[in-house]
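Here is a short report on helix packing and salt bridges in one protein model. Look at the structure first, then read on.

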Amino acid sequence: METVMPYTTKIPNTETHNAVRDTDARHHLHPFTDTQALNRKGARVITRAEGVHVWDSDGNQLIDGMAGLWCVNLGYGRQELINAAHEQMQVLPYYNTFFQSTHSPVTSLAQAIADITPGDLNRIFFANSGSEAIDTIIRMVRHYWTLKGKPYRKLLIARENAYHGSTLGGASLGGMPHMHGQCAPLLPGIHCIRQPYWYGEADGLSEDEFGLIRARELEEKLLEVGPDNVAAFVGEPIQGAGGVIVPPRTYWPEIQRICRKYDVLLVADEVICGFGRTGQWFGSQTFDFQPDIMSMAKGLSSGYMPISAVAVGDRIADTLIESGDDFSHGFTYSGHPVAAAVALENIRILQDERIIESVASDIGPYFQARLRDTLSEHPLCGHIEGTGLIAGLALVKDRKTRTFFDEDVGTLCRDECTNNGLIARACGNRMVLSPPLVISRTEVDEMVDRLRVALDRTYARVGGISAA
Ligand SMILES: *Cc1c(COP(=O)(O)O)cnc(C)c1O
């Protein structure tokens, strides 16, 4: 007989931490984790969080340079979000939106999203995760073309090294080979073009030239598969999990031009870029294109509740509505009232405290400048790219020749960050940061300094002579 661990928010002593780790090892399968490796060292037990910091059960305070998983945009411990959940639970903890019912948290949130999204994205479909939002879009655009009398328009085009979630639809649409390997056979009808990764793949071309060339791969692909067979092109404005790949300025307007030319729907996966990350409400605004439909999740509730949404342009929504038939798709928790109430309060705070304006004109530029001033001459740093409060740094063996390491230097550096009180993430040979939008200048300084120390230590471990 095993003892059942009581649920606890306060972990009183080391014995209990070890019990949590043991139970974790016995019963918990973690997402995206090598469980054997994890169990050898034991999971880090996170006990509490406040502002931009989290604490672990060993008493370490860490700066959360990743805002959880790119989502805690307002930081931890916002009492207004807690109250919104608490109050909504007392009034109506759950009701579905399937059978001709609605409630005010979901209608208010739908209106708020319609107001902040650009263009004619006036109707909102709710789900619980980014992956579900992406699956919703796959189903919706395919159904749209059937309703338009073009049932042959079913193909989707996406990109290498894109991340669109982990359901079968999301994993198939994404361009992550390791995920494809494990979930094959993939969803049929998906084609892939190369990513606009200038630093890693441009081979001497200017950023502008390279952006156009990679965008024009969409046109080549359309002509190859037949433009009339294609439902939509899907992309993240900035690829997040791919390592924060910021496209050249020329890229998205050219993608938009090609989509319009061949009447292919343009889908923005705004799960990371949405809600202020790039200094505008949505990444598509920062990169100057107008999607026909967009997914959002993570920052929508600052991660306090699971909720996602698909903002649908009039062209698609009107067609669905005028069909006079069910769109046979939805989730038990679509438009969950508690999640909706929290998301609504999250949007109110972003607006009232002018947080996105500050990402655009104050803390975002400060963060980008501090990163470059402190790190761009570091022997491991090939290139820094980013905008607003998202950034990626390429780790290289040789700065002159842009040679990457054979060994997994990202994981080394990630571990050195953690050891030095910073949660950063490694995506292959790139380090990425995406802190809460409410981070202060002092906290940015501290974050960047901790990253510098981690880079020095990583450099020493791969045989370089540390500057420190
Ligand atoms: C995280 C992410 C998803 C998937 O969201 P989940 O909530 O994990 O299902 C989809 N698209 C992008 C761009 C993401 O970053």
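Is the crossing of H10 and H11 right-handed or left-handed? The crossing is right-handed. A crossing is left-handed if the near helix is turned anticlockwise from the far one by less than a right angle, and right-handed if clockwise. Helices (H or I, at least four residues) and strands (E, at least two) are DSSP runs, numbered from the N terminus.

This is a predicted model, in which local features need pLDDT of at least 70 and side-chain atom pairs count only at pLDDT 80 or more, while totals for chains, interfaces and linings use all residues. Residues are numbered from 1 along each chain as its sequence is written, and side-chain values use heavy atoms, with hydrogens and water left out.

**Two helix pairs**

Two packed helices are described by the angle between their axes and the distance between the axes. Axes are lines fitted to C-alpha atoms, for helices over the stretch in contact, and angles run from 0 to 180 degrees between N-to-C directions.

Helix H10 (residues 207-225) packs against helix H11 (residues 251-261) at about 20 degrees, with the axes 8 Å apart. H10 and H11 are therefore roughly parallel. Angles under 35 degrees count as roughly parallel, over 145 as roughly antiparallel, 65 to 115 as roughly perpendicular and the rest as oblique.

Which residues of H10 and H11 meet? Contact means heavy atoms within 4.5 Å. On the H10 side they include Leu212, Leu218 and Leu222; on the H11 side they include Tyr251, Ile255 and Ile258. By class, the contact of H10 with H11 has eight nonpolar, one polar and six charged residues. Ala, Val, Leu, Ile, Met, Phe, Trp, Tyr, Cys and Pro count as nonpolar, Asp, Glu, Lys and Arg as charged, and the others, Gly among them, as polar.

H11 has several buried residues, among them Trp252 and Gln256. Buried means under 20% relative accessible area, exposed over 50%, partly exposed in between (1.4 Å probe, protein chains only). The buried residues of H11 pack against H10 and strands E5 (155-159), E7 (230-235) and E8 (265-269). Asp263 follows H11, and its phi is positive, near 55 degrees.

Now the second pair. Helix H6 (residues 130-147) and helix H13 (residues 314-322) pack at about 65 degrees, their axes 10 Å apart. The crossing of H6 and H13 is left-handed. Met140 and Trp145 of H6 are among the contact residues, as are Ile316 and Leu320 of H13. The residues of this contact divide into six nonpolar, two polar and one charged.

**Salt bridges**

Side chains of opposite charge can pair when their charged atoms come close. A salt bridge is a side-chain nitrogen of Lys or Arg within 4 Å of a carboxyl oxygen of Asp or Glu. How many does a search of the whole structure find? It finds 28.

| Pair | N to O distance |
|---|---|
| Arg194 and Glu217 | 2.6 Å |
| Arg370 and Asp449 | 3.4 Å |
| Arg399 and Glu377 | 3.3 Å |

Arg194 is partly exposed at 39% relative accessibility, whereas Glu217 is buried at 10%. Arg194, Glu201, Arg214 and Glu217 are linked in a network of salt bridges.

Arg370 is buried, at 18%. Asp449 is partly exposed, at 30%. Arg399 is partly exposed, at 32%, and Glu377 is exposed, at 65%.
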